[in-house]
Amino acid sequence: MTKVHTETIEALIIRCIDYRFVTRSRKFKEDAGLTDKYDLLTFPGASKNIHLLFDAIAVSNRLHKPKKIIIMDHEDCGAFGDENSLEDHKNSLKKAEKLLHIVFPEIPVELYYIKFEEIIKI
Ligand SMILES: [Zn+2]
């Protein structure tokens, strides 16, 4: 039987699929010194349906033991429909953080909101 590769990485990053924010979020990760040190999950809405990602998060956690989970929502997110204000995203991100703390209590969570001009830490 082949042994599964395991190691410790800096972060698991969860962000929306939206192509408009790929370069911006990659730049953020490079600036944060995370290049090649993170697992990446992309899913429409990022924080919005975090419960659908628990199995995938568990795999990342089992294989790579990320030191933290970073959730990145973004402005003008189609997955959020009409409830798409900064306040809506803050609420969704905080709710996702609470759920993650229940299921993965050992992993700290950081929340971000990507705007077209800047990235805000929530
Ligand atoms: Zn989106």
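Which residue does Arg-20 meet in a salt bridge, and what is the N to O distance? I started my notebook there, keeping in mind that this is a predicted model.

**Entry 1: Arg-20 and its partners**

I looked up the side chain of Arg-20 and found it in a salt bridge with Asp-18, at 2.6 Å from N to O. Then I checked how open the two residues are. Asp-18 is buried, since its relative accessible area of 13% falls under the 20% cut-off. Arg-20 comes out as partly exposed, at 31%.

Next I asked where else Arg-20 takes part in a salt bridge. Asp-76 turned up, with 2.8 Å between N and O. I liked this pair, as it links distant parts of the chain: Arg-20 sits in the loop between strand 1 and helix 1 (22-31), Asp-76 in the loop between strand 3 and helix 3 (86-103), and 56 residues separate them. Asp-76 is partly exposed, with 43% relative accessibility. Through shared partners, Asp-18, Arg-20 and Asp-76 form one network of salt bridges.

**Entry 2: Lys-67 and Glu-10**

I counted salt bridges for the whole structure and got five. One of them joins Lys-67 to Glu-10, with the closest N and O atoms 2.8 Å apart. Which parts of the chain does this pair tie together? Glu-10 belongs to the segment before strand 1 (11-15) and Lys-67 to the loop between helix 2 (54-64) and strand 3 (68-74), so the bridge connects parts that are 57 residues apart in sequence. Both ends are partly exposed: I noted a relative accessible area of 46% for Lys-67 and 28% for Glu-10.

I turned from charges to nonpolar side chains. In soluble globular proteins, such side chains tend to be buried together. Here the largest nonpolar core has 17 residues, and those touching the most other members are Ile-14, Ile-50, Ile-57, Ile-69, Ile-71 and Leu-100. I traced where the members come from: strand 1, helix 2, strand 3, helix 3 and strand 4 (109-114) supply at least two residues each. Which element gives the most to this core? Helix 3 does, with three residues.

I then picked Ile-57 and listed what it touches, leaving out residues up to four places away in sequence. My list for Ile-57 reads Leu-12, Ile-14, Leu-41, Ile-69, Leu-100 and Phe-104.

Last, I looked for another core lying apart from the largest one, and found a set of nine residues. Ile-13, Phe-28, Leu-34 and Tyr-112 are among them.

How values were computed:
Residues are numbered from 1 along each chain as its sequence is written. This is a predicted model: local features need pLDDT of at least 70, side-chain atom pairs count only at pLDDT 80 or more; totals for chains, interfaces and linings use all residues. Side-chain values use heavy atoms; hydrogens and water are left out. A salt bridge is a side-chain nitrogen of Lys or Arg within 4 Å of a carboxyl oxygen of Asp or Glu. Helices (H or I, at least four residues) and strands (E, at least two) are DSSP runs, numbered from the N terminus. Buried means under 20% relative accessible area, exposed over 50%, partly exposed in between (1.4 Å probe, protein chains only). A nonpolar core is a set of buried Ala, Val, Leu, Ile, Met, Phe, Trp, Tyr and Cys residues joined through side-chain atoms within 4.5 Å. Contact means heavy atoms within 4.5 Å.
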